[in-house]
Each structure stands twice: as structure tokens, then as C-alpha cells.
Amino acid sequence: MKINANYLNLKQSYLFAHIAKKVAEFSAANPDAKIIKMGIGDVTRPLCSEVVSGLIEASEQMGKAETFKGYGPEQGYDFLKQSIADYYAGNGVQLELDEVFISDGAKSDLGNILDLFDADNTVLIPDPVYPVYVDTNIMAGRKVLFMNANESNGFLPLPDESVKADIIYICSPNNPTGAVYGKDALKKWVDYALKNAAVILFDSAYESFVTDAELPRSIYQIEGAKKCAIEFCSFSKTAGFTGTRCGYTIVPNALVSGEVSLNKLWLRRQTTKFNGVPYVVQYAAAKVFTKEGKAQINENLAYYRENAKIITDTLDKLGIWYTGGKHSPYVWLKCPNGMSSWEFFDFLLEKGNIVGTPGEGFGQNGEGFFRLTAFSTKENTLEAMERLTKILG
Ligand code: MLT
């Protein structure tokens, strides 16, 4: 047999696995250190009570012959797809139920979607960015071009007509920088994709952090996007499903390559390689959209927003440049005293026992920057910011 040699072109380990290993080593050597984790974007608020009741109700249904469910539809149950379609309608976007595909999270689908595209396509990925986009394309042996996101463009690169790409990744609100595209800027990307017969893979996993009604939460709020974009979203950050696993992908019926519908290709792929998300999880996910569920979720989002404010207020006091933290749980800061991002990682871990994510892990342009998340507890966020002030003061 021959292995897929493209894997040999990957970095030795996935960014967050590498960080977890470094932290475990530090903990073993310093057992008394009280480490505060603000690295991987994992939530700390528990599932809200509405979702928990949903998990219990659905589990009880599974234990009775009359309500037991075996294999479900691979693309998800209609009750959840309808709730998602209603949510989009609230943002002015009309979806057909067969355009919504339920998954076990955005990360899986962002990787799996590449099954639909020829290895010969040219891919355009912002730098810095969520490492999954790059790694999954390297695994497939695809040619990747990078677009520079940096301080001068506010970490929001715009299309360059001289660059020809077939598959374009956009994440807004952005991971890792927290920067958010406005409607006019996103329209430029949609126009570019339509003109070049390209597809945009739009990651909206952080849309629930947007508070300004003028900022788009979905790319389909932009005219023409249904003809050129696939959208990926997740309940992970919105409703604390990082360990429960549920997300969704929208593949519009209007998205075609010549005569071929990408929606039908994705349906074919999912019905062949996927057996759906557990009924219990989908039932609980639908509870996120009830009146009570929405109110409870909003409380959790407000909690994380307050943490983000605690972080940005501290950075303001310390005179450290940053972006994000406003419509995003991520704060992207410039490493102080000219430190490289891994130097700052070590400094924070050793002197403050705080874990963050070095910007370089998200791409070359992330060098000299660092990401902190607002997903910690409020107590730990306050404590971490006190420690930061002390070690930098
Ligand atoms: C992150 O920290 O960037 C995210 O938690 C990773 C993910 O959502 O998979």
C-alpha cells in the first residue's frame, strides 16, 4: 500500500493538540501552578436548562418502544432544520429545508466539504486563520494561496483581481482575530466569486457574538451569495455544544457548477459517508431556538462578552494594541516588548500560569500576535488579567 504522502507535508501536530501537550508538560513540572486556560476556544458555561431538559426528554423517548428512533435522516431531522430556517428568516434569509444539513460540528464539515472539489482547484485562505482550512487542503494535496490579513487592512483582506482562486475561505467574525466583515466588504467577495466562478466557504461559527444589526451574521444576507457560497455554523460557541457536538451546513439549491447542483453532491456525500447526528442531540439543539432557550443562551453570551470587556479594558490600561473582543469571543493582541508569539506564550505560561494561543500557529502573519479567549469563567478572567498586569507592569 501507499500512504497519502500529503500528510507528510503537515506540521507534526494540530495546533491545539501541540499546545495541550506543552501545557501538560508544564503542569507536570509545576504541580502547584494554578493554570488559567484562555487558549483553545472551549466554553465554560454549562448547557442551559432548556437544552438539558431536551436531552432528558429525548433520552426518555429513546427508552420507550413507541417513541424510540433508529437511524435518522442523514441530513438531519426536519424539526431542527425548520428551527434553523426560522432563525435565518429572522435575519432576512429564506432557506428551503433541503438546503440545511445537520452535522456534528463545523470543523468536520469544513474538512468533509472538500470531497466535492477536484484536487486541481486553487484555494485562497486568509493568513492568519483557523488551521483546519489549511491542514485539510494540505491533506488533499491542493495548491493553497494565502491572502494577507494584517494591521493595515484591519485583518480583513479584500479580493485582489490579479489572484485567481476557485475555493475561498472566509471566517467572520474571524477566528483568530475577532475582526468582522461589513456588508459592503462581503459583497466584494461575493462579486469576486461570481465573476470567477469560485465558491466561498463561509465559516459563521461566531455569528451569535455579533451585536451590531448592521453587521452580517450570514453571507446570504449579501445579494448573490446563494449562487456562490456554502455556510458552516455550529452550536458549539452559541450554546456550549463543544462537547455535545452539533452544527449545520447550508448548501443553497442555487449553487451550481455548470449543470451540477452542489446541494445534490453534498446530499450524496452525506447519505454515503454519514449516518446523522444522534436524535437526542438534535432534539436538544432545537431547544436553543425556543423562547426560553434563546433567553438562556443570551445570558451565556452576555457573560462571555463581559469577559471580553475585562480583557480589552486591561489591554487598554497596559497600552497594548488589539483587535476583536467586540463582536467576537477572541481578543487578538500584539505581543508586548517585541516578543515573538511563542516567546510570549512561554512568558505567560511561566510567569503568569496563563495559557493563550500564539498567533504564529494561525499563519505567518500571526507572528508577533497572540489570541486570548473570553470563554473562561469570569473569576479566572479577572484573575488572569490581574496576573497579566502584574507581570507586565
Ligand atoms: C479555536 O480555539 O480556534 C476553536 O475552539 C477550535 C474549534 O472550534 O475547533
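A word on the model before going on. It is predicted, and local features need pLDDT of at least 70, side-chain atom pairs count only at pLDDT 80 or more, while totals for chains, interfaces and linings use all residues. Residues are numbered from 1 along each chain as its sequence is written, and side-chain values use heavy atoms, with hydrogens and water left out.

Domain 1 brings 37 residues to the contact and domain 2 brings 47, contact meaning heavy atoms within 4.5 Å.

How many salt bridges cross the interface of domain 1 and domain 2? The rule finds one; it asks for a side-chain nitrogen of Lys or Arg within 4 Å of a carboxyl oxygen of Asp or Glu. Now select K334 and E151: they form a salt bridge, and their closest N and O atoms are 2.9 Å apart.

The whole structure has 13 salt bridges. For another, pick D115 and R269, whose side chains pair at 3.0 Å, N to O. D115 is in the loop between α4 (106-112) and β3 (122-127) and R269 is in helix α8 (residues 262-273), so this pair ties together parts that are 154 residues apart in sequence. Helices (H or I, at least four residues) and strands (E, at least two) are DSSP runs, numbered from the N terminus.

**Into the cavities**

There are two cavities of 30 Å³ or more to look for. On a 1 Å grid over the protein atoms alone, a cavity is a set of points where a 1.4 Å probe fits but cannot get out, and lining residues have an atom within 4 Å of a point. Points are joined across faces, edges and corners, and a volume is the space filled by probe spheres set on them.

The largest cavity holds about 70 Å³. Select its lining: P126, P128, M147, A149, F155, L156, P157, Y169, I170, C171, N174 and Y181. Strand β5 (residues 167-171) gives the most, with three residues. The lining divides into 11 nonpolar, one polar and no charged. Nonpolar means Ala, Val, Leu, Ile, Met, Phe, Trp, Tyr, Cys and Pro; charged means Asp, Glu, Lys and Arg; the others, Gly among them, are polar.

Next, the second largest cavity, at about 50 Å³. Around it are V43, R45, P46, K237, T238, A239, G240, N300, L301 and Y304. Helices α7 (236-239) and α10 (291-318) each give two or more residues. Its lining draws at least three residues from each of domain 1 and domain 2, and divides into five nonpolar, three polar and two charged.

**Backbone stops**

Most residues other than glycine have a negative phi, and most peptide bonds are trans. Zoom in on S172 and P173, joined by a cis peptide bond with omega about -10°. P173 is in the loop between β5 and α6 (183-195). P176 is also found in the loop between β5 and α6, and the bond from N175 to P176 is cis, with omega near 20°.

Finish at N337, where phi is positive, near 55°. N337 is in the loop between β12 (330-334) and α11 (341-352).

Technical notes
1 Å grid on protein atoms, 1.4 Å probe; cavity = no way out; pocket = protein on both sides within 12 Å on 5 of 7 lines; lining within 4 Å. Domains from an automatic or database assignment.
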